[in-house]
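Here are a few notes to go with the model, jotted down as numbered points. Have it open while you read.

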Amino acid sequence: MERWVEDEAVVGAEILIIKNRQAVLHDAVGWKDREREIPWEKNTVCRIRSMTKPFVGTAILMLADDGKLSIDDPVSKHIASFDNERSDAVTVRHLLTHTGGFTQPGYPEALGSYSNLREAVDAVGTAGPSSPPGTEWIYSDAGSATLGAIVAQVSGMAAEQYIRAKIVEPLGLSDTFLNLEDDNSLRPRVSSTYQRTPSGSFTKYWDSTSPQVMQFFRASGGMYSTTHDYARFLELWMDLGRLDSTRLFSPETARGALETAVLSRDVHPYGFQWQIFNRADTGATALLPVFGHGGSDGTIAWAVPAQDLIVVYFTQSRGGETTGKIREMVEEALR
């Protein structure tokens, strides 16, 4: 990681590896803000982008556990704009597995042109998918955003309020939040974010002195978190819906979400808003697959239940390649 900073492969980075529920490696290198010479510290708050999706998927599954919806419901049962001949075949299950037929990102207009999440989702439902639901895997932010709108419709709470009240707070994720208000006390701990330029260098495109990029909660990728908090969220899933004395969903729901996976375009299976990196070994039916998720600003986390292992690697260097390299290094070490 230090060499990657020196070689400008990344601006700053942090890794947390937990084995048998004990941290065996936790280190940070480089810069949280290079221009202001603010070093990256352990548990720097990051914009985790698409690592938000498993939180939204968890909210849907909790509502299903409570009998408030079924994952085989047509979306039109909950979102009226899907009640048309273009969208009425789309189900909640399709959205959970990115098989709804929506492209990436999948909105008829730029997301920033909408005033709130529901307005964007209503536009998605009115326009309809680009291919028949259930026929192919297409990763789509619009599909995940629609899941957020369903959470709001069914629960009677905004999606971000439901996730905070039902998941973040019960798990004690004190450094995880869904919107960056001006008076948020954690704002100084949020890393600046960098974008790789065509020349290969990184340029800063946002820092914590600025408003958040989207003025409403993007259910496909709007959350902020730390390596420690995200590791606890993975522990919840490794323990089949229970963390310490808190149970959020049933073991059957957890297994179904991770084992009922479709084949994605890049050959890796994809579960219910979880990437499945490796299936469990044949015959090891009691074991869960290797699962996790990445985020487009340079973050990744995954769990290896058979090894009781969690790896969380956060950068804020968009367009870098080190998240894939970290996975390769860990997999090689486990062989």
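This is a predicted model: local features need pLDDT of at least 70, side-chain atom pairs count only at pLDDT 80 or more; totals for chains, interfaces and linings use all residues.

1. A254 has a relative accessible area of 0%, so it counts as buried, the cut-off being under 20%.

2. Where does A254 sit? Its place is in helix α8, which covers residues 251-259. Leaving aside residues up to four places away in sequence, A254 touches W237, L240, G241 and F249. As for T227, 27 residues apart from A254 along the chain, the two C-alpha atoms are separated by 22 Å.

3. Which residues of α8 are buried? They are T253, A254, A257 and L258. Look down the axis of α8 and these buried residues fall within an arc of 120°, so they line one face of the helix.

4. What do the buried residues of α8 pack against? Two of the elements are helices, α2 (53-65) and α7 (227-238). The others are strands, β12 (275-278) and β13 (290-295).

5. Now for a sheet. There is an open one of 3 strands, in the order β6-β5-β16, and its pairing is mixed. Why is one side of β6 and of β16 left without a neighbour in the sheet? Both β6 (202-206) and β16 (317-318) stand at the edges and each has a single partner strand, so one side of each is left open in that way.

6. Last, the β5 and β16 pairing. Strand β5 (residues 193-196) pairs with β16 in the parallel sense, over 2 bridges.

Terms used. Residues are numbered from 1 along each chain as its sequence is written. Side-chain values use heavy atoms; hydrogens and water are left out. Helices (H or I, at least four residues) and strands (E, at least two) are DSSP runs, numbered from the N terminus. Buried means under 20% relative accessible area, exposed over 50%, partly exposed in between (1.4 Å probe, protein chains only). Contact means heavy atoms within 4.5 Å. The arc is that of the directions from the helix axis to the C-beta atoms. Two strands pair if DSSP finds at least two bridges between them.
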